[in-house]
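Here is a friendly walk through one protein model, written to be read with the structure open beside you. Please keep the viewer at hand as you go.

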Amino acid sequence: MSDLQELGSTLMPSEAQGVLIGMWLGAGRTSESQWLQELVDEPASLAIPASLRALYSVLVNQMTTADSFGLDLLLPDDDAPFQTRLTALIEFAQSVLYGYAVAKGPAPQHLAEDVREVFDDLQAIASLDDQADGSGDDEADDEINLQEIIDYLSAALIVMYIGMHPPVPTTESTLRQH
């Protein structure tokens, strides 16, 4: 049983990560407790399990570190069936949009063009038909396309975050003297 199930959540890890990413995109820094409130019905008395604390910590590091080139998305491995991976990607995108809405992120028309493009892509991914099975004449193309979408999202979500919440430049005057 996963920590999410033990907390009473029906979400998959990729969906929990998507909610967290969406909340960070919509509101900037989001606390672990705010995130937990969206994962379970009654979080008030629950301690956050170590695995979820680690997921939160990794995301914070990836979102706020200048040398991060992409997020490590918690999607099924390449050896999982195509259908499973496609469904997980669609649910992940839906979860990001849910987290964004919960955090009351700006309306898409108020976003910068490059940020709005990522938002629009998320909406398109979230509305994909999950009935494609990755078999048939285009099986190899389907696999390549799915991996390209995952790779794109990994980097684009950081671009979206930076576009919405630009880092404060450090100068000699803003550095703390020791």
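The report below goes from the overall picture to the core and then to single residues.

## What kind of model this is

This is a predicted model, in which local features need pLDDT of at least 70, side-chain atom pairs count only at pLDDT 80 or more, and totals for chains, interfaces and linings use all residues. Residues are numbered from 1 along each chain as its sequence is written, and side-chain values use heavy atoms, with hydrogens and water left out.

The pLDDT score is the predictor's confidence in each residue, from 0 to 100. Its mean over the protein is 87, and 88% of the residues reach 70 or more. Over residues 174-178 the score stays under 50, and the model has three contacts beyond four places in sequence for this stretch; a contact here means heavy atoms within 4.5 Å. Where pLDDT is low, the predicted coordinates should not be read in detail.

## Overall build

Of the 178 residues, 41% are buried. Buried means under 20% relative accessible area, exposed means over 50%, and partly exposed lies in between (1.4 Å probe, protein chains only). The accessible surface comes to about 10300 Å², and 52% of it belongs to carbon and sulfur atoms; these areas come from the Shrake-Rupley method with a 1.4 Å probe, and for residues only the protein chains shown count as cover. Among contacts with a separation of 6 or more, 76% are between residues 24 or more positions apart.

## The nonpolar core

A nonpolar core is a set of buried Ala, Val, Leu, Ile, Met, Phe, Trp, Tyr and Cys residues joined through side-chain atoms within 4.5 Å. The largest one has 50 residues, and those with the most contacts inside it are Ile21, Leu25, Trp35, Met63, Leu73, Leu157 and Met160. At least two core residues come from each of H2 (13-27), H3 (32-39), H4 (50-64), H5 (82-102), H6 (113-126) and H7 (139-164). H5 gives the most, with ten residues. In soluble globular proteins, nonpolar side chains tend to be buried together.

Which residues does Ile21 touch, not counting residues up to four places away in sequence? They are Leu59, Met63, Leu71, Leu73, Phe92, Val96 and Leu157.

## One side of H3

The buried residues of H3 are Glu32, Trp35, Leu36 and Leu39. They sit on the same side of H3, because they cover an arc of only 100° around the axis; the arc is that of the directions from the helix axis to the C-beta atoms. These buried residues pack against H1 (3-6), H2 and H4.

## Two buried polar side chains

Ser154 is found in H7 and is buried, with a relative accessible area of 14%. A polar atom of its side chain lies 2.7 Å from the backbone oxygen of Leu71. Leaving out residues up to four places away in sequence, Ser154 touches Gly70, Leu71 and Leu73.

Thr30 lies in the loop between H2 and H3 and counts as buried at 4% relative accessibility. A polar atom of the Thr30 side chain is 3.3 Å from the backbone oxygen of Met23. Apart from residues up to four places away in sequence, Thr30 touches Met23, Trp24, Trp35 and Tyr56.

Val40, in the loop between H3 and H4, counts as buried at 6% relative accessibility. The C-alpha atoms of Val40 and Gly8 are separated by 6.0 Å, with the two residues 32 apart along the chain. Leu128, in the loop between H6 and H7, is partly exposed at 38% relative accessible area. Leaving aside neighbours within four places in sequence, Leu128 is in contact with Leu86 and Ile90. Leu128 and Thr87 are 41 residues apart in sequence and 9.1 Å apart in space, C-alpha to C-alpha.

Is Lys104 buried or exposed? Lys104 is exposed, with a relative accessible area of 71%, and lies in the loop between H5 and H6. Lys104 has a positive phi of about 60° although it is not a glycine. Most residues other than glycine have a negative phi.

Technical notes. Helix = DSSP H or I, 4+ residues; strand = E, 2+ residues; numbered from the N terminus. Polar contact = N/O pair within 3.5 Å; in protein donor to acceptor, adjacent residues only side chain to side chain.
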